[in-house]
Amino acid sequence: MLIGQDWDTLVIDSDDPELTRSLVHARADALPHPRVARRYRNLLLDNGFTDVTVEVHTIVWTDAACLPVLAGIGGEGAWFDDQVARARDDRLFVAIPFFVASGRRTT
């Protein structure tokens, strides 16, 4: 079983969606293999697995618990300050999908 996330698929509500997309993609690009989860199915198939399935389970945060994650994406500044204010005002929305892939190994 493979479990992971595709760092390009973070969903963050923001008044500046263009900046948010840029921040998410820049954070993804700074990680090793940030998009490997979208390849899980093919990786399993390429390595002899059959009956491969992929599911997506999404974590949704609407409170300050995810502010450390957002700080890692946006750092200090107006964008992060807006996210802190959203958390304080119960207006925060962050969704992170996790991909779960599995299959059977043929002999």
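This text walks through a predicted model of one protein chain, from overall layout to single residues.

Start with the layout. The protein chain holds four helices and four strands. Read from the N terminus, the elements follow the order β-β-α-α-β-α-α-β. The C-alpha trace extends about 55 × 25 × 20 Å along its principal axes. The radius of gyration is 17 Å, whereas a compact globule of 107 residues would come in near 13 Å. Of the 107 residues, 33% are buried. The protein chain exposes about 6,700 Å² of surface, and carbon and sulfur atoms account for 53% of that area. Among contacts with a separation of 6 or more, 79% join residues 24 or more positions apart.

Now go inside. In soluble globular proteins, nonpolar side chains tend to be buried together. Here the largest nonpolar core contains 14 residues. Ile12, Leu70, Ile73, Trp79, Leu92 and Val94 have the most contacts inside it. Helix 1, helix 3, helix 4 and strand 4 each contribute at least two residues to this core. Another core lies apart from it and has six residues, including Ala37, Val52, Phe99 and Ala101.

Beyond its neighbours within four places in sequence, leucine 92 contacts Trp61, Thr62, Asp63, Cys66, Leu70, Gln83, Arg86 and Ala87. One of these partners, Leu70, is also a buried residue of helix 3.

Helix 3 covers residues 67-74, and its buried residues are Leu67, Leu70, Ile73 and Gly74. Viewed down the axis of helix 3, these buried residues fall within an arc of 115°, so they line one face of the helix. Their cover includes strand 2, helix 1, helix 4 (78-88) and strand 4 (94-105). Just after helix 3 comes glycine 75, with a positive phi of about 60°.

The side chain of aspartate 8 makes a polar contact of 2.9 Å with the side chain of arginine 35. Leaving out neighbours within four places in sequence, aspartate 8 touches Val24, His25, Ala28, Arg35 and Arg38.

Histidine 33 sits in another loop, the one between helix 1 (17-29) and helix 2 (40-46). Histidine 33 is exposed, with a relative accessible area of 65%. Its phi is near 55°, a positive value in a residue other than glycine. Aspartate 51 also has a positive phi, near 50°, and is not a glycine. Aspartate 51 belongs to strand 3 (residues 49-61).

Threonine 53 lies in strand 3 too. With 41% relative accessibility, threonine 53 is partly exposed. Which residues does threonine 53 touch, not counting those up to four places away in sequence? They are Val100, Ala101 and Ser102. The C-alpha atoms of threonine 53 and serine 102 are separated by 5.6 Å, although the two residues are 49 residues apart along the chain.

Methods
Residues numbered from 1 in each chain as written. Predicted model: local features only at pLDDT ≥ 70, side-chain atom pairs only at ≥ 80, totals over all residues. Heavy atoms only, no water. Polar contact = N/O pair within 3.5 Å; in protein donor to acceptor, adjacent residues only side chain to side chain. Contact = heavy atoms within 4.5 Å. Buried < 20%, exposed > 50% of the residue type's maximum accessible area, 1.4 Å probe, protein only. Arc of directions from axis to C-beta. Core = buried A, V, L, I, M, F, W, Y, C linked by side-chain atoms within 4.5 Å. Rg over C-alpha atoms; globule rule 2.2 N^0.38 Å. Areas by Shrake-Rupley, 256 points an atom, 1.4 Å probe, with all protein chains shown as cover.
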